[in-house]
Amino acid sequence: MSEDHPRDRFDLVPDVSAETAFLDAWTRGRLHHAWLLCGVEGAGKATFAYRAARRLMGATADPSRGPLGALRDDPVSRLISAQAHPDLLVLERAVEGGKVKKSISVDQARQLPEFFSKSPSQARYRVAIIDAADDLNVNAANALLKVLEEPPERGVLFLVTHAPGRLLATIRSRCRRLSFPIWPQDRLEALVRNRTGAEPGDAAHAAAMAGGSPGAALALASGATFEMDQLARQWVSGDVDRAEALAVADKFRGAEGQERFETLMDRLIAAVRVRALEAAPGAGNRWAELWERLSPLPDRAAGLNLDRGDVLAGALADVRRTRAQTEAAG
């Protein structure tokens, strides 16, 4: 069974205090109908939502896997992993024509009232997960608000959010908030070593670059993401010549490779940020200015349907200019 998706993670405990708080509310009969799960992307918020959903929907508890742990082989767990449980609704950005849409549409959000209007068919509760609420467009957010204003009987809603301040205040006010703190570096290093078998140096680098996010740390330590992170650091340090860099950019021309492009740009932007923090004040300012220029590029490329090869080539040229300027300044 794959563990790439939060619904298939059984052994990762995102935050013990959050799970304990949820269980306490449930056992005391004070289970709120809507939970706002807040924290950096990759902090385990969606993993928590699925862990809570399994238990709410009757999966057998497994305390060895944390407060909300459940047996992997329980029928409820199997149905959820197979995306086949009739009492669970998940809203996330749809995929059309091989591309992930920019937002969760109002048509998707309108499934919520109908879903919660029905009684649970197999479980004690009906559960909906929105991953992430930040992706709701304006009309979808208003449709969600209607559900929150009329709490469903025996219904629980989990809203994953990486930026709660962007949500409507009326949505935030109708939810109970659970915050997921960033992980300390030593815990991230241990997670990476245990899950991926990475060498200590690679685990330490992944942990340092992850910004306190276990999801980001695991991604950075494995497969193509790790390779892209190494490549991005080489570009920033000047260890890749111009021809090689342009050859990489050429691979992103055309309609393919959106996810790879976004990953590579993310790692390049992160590498520039690290250089800005580590450099001397004068050079640091130049790298910080570059970071500000590069940060909006992925969204701009998607929004304007720009050629990704051109965007990456332009970003790499900007990196070279910044590096040359800082070296010339001494």
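Predicted model: local features only at pLDDT ≥ 70, side-chain atom pairs only at ≥ 80, totals over all residues.
Strand 2 pairs with strand 5 in the parallel sense over four bridges, and leucine 91 stands opposite isoleucine 130 in strand 5. Strand 5 is in turn joined to strand 6 by six bridges, the two strands running parallel. Within this pairing, isoleucine 129 has phenylalanine 158 of strand 6 as its bridge partner. At the other end of the order, strand 1 (residues 34-38) and strand 7 are paired in the parallel sense over four bridges, with leucine 37 opposite leucine 178 in strand 7.

Strand 5 (residues 126-131) is mostly covered, six of its six residues being buried. In a regular strand, side chains alternate between the two faces of the sheet. In strand 5, Arg126, Ala128 and Ile130 point one way, whereas Val127, Ile129 and Asp131 point the other way, and all are buried. Aspartate 131 is also joined to alanine 132 by a cis peptide bond, with omega at about 10 degrees. Alanine 132 itself is placed in the loop between strand 5 and helix 6 (138-149).

On the side of helix 1 the contact is made by Ala18, Glu19, Phe22, Leu23 and Trp26, and on the side of helix 2 by Phe48, Arg51, Ala52, Arg55 and Leu56.

Glutamine 185 counts as partly exposed, with 38% relative accessibility. Leaving aside neighbours within four places in sequence, glutamine 185 is in contact with Ala204, Ala207 and Ala208. Glutamate 189 is likewise found in helix 8. Its relative accessible area is 19%, and because buried means under 20%, glutamate 189 is classed as buried. When residues up to four places away in sequence are not counted, glutamate 189 touches Ala203, Ala204 and Ala207.

Alanine 198 lies in the loop between helix 8 and helix 9 (200-209). At 16% relative accessibility, this alanine counts as buried. Alanine 198 touches Val192, Arg193 and Ala203, again not counting residues up to four places away in sequence. Alanine 198 and alanine 221 are 23 residues apart in sequence, and their C-alpha atoms are 6.9 Å apart in space. For glutamine 185 and alanine 249, which are 64 residues apart along the chain, the separation of the C-alpha atoms is 32 Å.

Alanine 249 belongs to the buried residues of helix 12 (residues 242-250), which are Ala245, Val248 and Ala249. Seen down the axis of helix 12, these buried residues fall within an arc of 100 degrees, so they line one face of the helix. An α-helix has 3.6 residues a turn, so residues three or four places apart point the same way.

Two loop residues other than glycine have positive phi values. Arginine 154 has a phi near 55 degrees, a positive value in a residue other than glycine, and is found in the loop between helix 6 and strand 6. Its relative accessibility of 41% places arginine 154 among the partly exposed residues. Asparagine 305 also has a positive phi, near 55 degrees, and is placed in the loop between helix 15 (297-303) and helix 16 (308-328). Asparagine 305 is exposed, with a relative accessible area of 64%.

Key. Residues numbered from 1 in each chain as written. Heavy atoms only, no water. Pairing = 2+ DSSP bridges. Buried < 20%, exposed > 50% of the residue type's maximum accessible area, 1.4 Å probe, protein only. Contact = heavy atoms within 4.5 Å. Arc of directions from axis to C-beta.
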